[in-house]
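Subject: Structure handover

Hello,

Here is the structure I promised to pass on. My notes follow below it.

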Amino acid sequence: MTDVLKLKVAAGFEELYGYQPLGIWSAPGRVNLIGEHTDYNEGFVFPFAISRRTFAAVALRTDGIARVASSFSSDVVEIPVAEISRQTVSGWSAYPLGVAWALKELGKANQTGFDLFIESDVPVGAGLSSSAAIECSVAVALNELWNAGLELRDLARVGQLAENQIVGAPTGIMDQSASLLGQLDHGVFLDCRDLSSQVIDLGFAREGLELLIIDTRVEHRHADGGYASRRAACEAGAAALGVRSLRDASAADLARAQELLDDVTFRRVRHVITENQRVLDTVAALQAQGPRAIGELLYQSHQSMRDDFEISIDELDTAVETALRHGAVGARMTGGGFGGAAIALCPIEKISEISRSVEAEFLALGYAKPDIFVVSAAPGAHRE
Ligand code: GLA
């Protein structure tokens, strides 16, 4: 697949612009194993980069103009880099153009423009960070072509800045970090306060396990209100507790939180506090006992998102419960919520039974046909 996309992105570039790109850069989507809505609370996350990627073919221009196009849209957007703003760009082009804007804001853009063509097999709206895959492929490309000299951690901030300021989605730092720092067969355990990270062997294959993605095909967008309102509740909760962020609160603060906060804000806060602990527990269990020991933590995370954070939907709950009933070691919804995908950690010999059962259950309930596939932990963004 990767080789095909690499050839296609080069051919797409040449056909559209009439010359060859200077290079091809790629970045993966990500799946979050555990640690949801903890990133913007300066907490812990444990995602990994997946074997689905976005490829960017890029060449420099000398006139300060950026042209961006992709195989998934017929638009070719053309704009001077100096004129990129929240008002002047929209749609998918806001992701690559937002990255150029963010580099310029950091004083890292020489005033040359670029031509860009994108191909991707990261599903859109599935909670697998197709947006971060675009941002990070463009970030590593422009970092090199514009001699910006930024490290991967800084490039994660560049992607987040693009998404917050130009796309207008108030998202955290997890997706870009996973896409940039991922390694084959490893998860990225990240402290979102200082961006220190540790790659951790997942050991799935050794234990006869595979991670199944169950994409409900219910599309979500983080520029919509649900994500922002969860973030606002967390900030209000932290302020009421007198802490800089919910990272600084622990289970010992829950009784006080319940007294101080209204019921909804309390449950939002409880999700974040318990989820941070579950990330730490998952990493510890994985390292001490291996991946079969993390199943219960995955399901507790799902319950917390369903009941306390209230970001699950019926399709995700059905996917999780059905997978568990048919032998998954653990399962949970993943990503920002309100749609997207669930993950199920499954014994290899159960994969087809679990997939068939989830499909049958969706059909019986009148839901759209889910897209079900296995992912493995893949390397982060790089030049091809
Ligand atoms: C989205 C955001 C991330 C993170 C998750 C929830 O994927 O982009 O920053 O907040 O939701 O964990």
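One of its oxygen atoms is 2.5 Å from an N or O atom in the side chain of Tyr-227. Please keep in mind that this is a predicted model.

The protein covers 98% of the ligand's accessible area, which is 310 Å² for the ligand on its own.

- Asp-175 places a polar side-chain atom 2.5 Å from a ligand oxygen atom.
- Arg-30 has a polar side-chain atom 2.9 Å from an oxygen atom of the ligand.

Which residues come nearest to the ligand? They are Glu-36, His-37, Asp-39, Asp-175 and Tyr-227, out of 13 residues around it. By class, the shell holds three nonpolar, six polar and four charged residues.

Now the helices. Two packed helices are described by the angle between their axes and the distance between the axes. Helix H6 spans residues 225–241, and helix H8 spans residues 263–289. Their axes come within 9 Å and cross at roughly 90°. Angles of 65 to 115 degrees count as roughly perpendicular, so H6 is roughly perpendicular to H8.

The contact itself is made as follows. H6 contributes Arg-230, Ala-233, Cys-234, Gly-237 and Leu-241. H8 meets them with Thr-265, Arg-268, Val-269 and Val-272. The residues of this H6–H8 contact divide into five nonpolar, two polar and two charged.

Best regards

Notes: Residues numbered from 1 in each chain as written. Predicted model: local features only at pLDDT ≥ 70, side-chain atom pairs only at ≥ 80, totals over all residues. Heavy atoms only, no water. Axes fitted to C-alpha atoms, helices over the stretch in contact; angles between N-to-C directions. Helix = DSSP H or I, 4+ residues; strand = E, 2+ residues; numbered from the N terminus. Parallel < 35°, antiparallel > 145°, perpendicular 65-115°, else oblique. Contact = heavy atoms within 4.5 Å. Nonpolar A, V, L, I, M, F, W, Y, C, P; charged D, E, K, R; others polar. Near = heavy atom within 4 Å. Polar contact = N/O pair within 3.5 Å; in protein donor to acceptor, adjacent residues only side chain to side chain. Areas by Shrake-Rupley, 256 points an atom, 1.4 Å probe, with all protein chains shown as cover.
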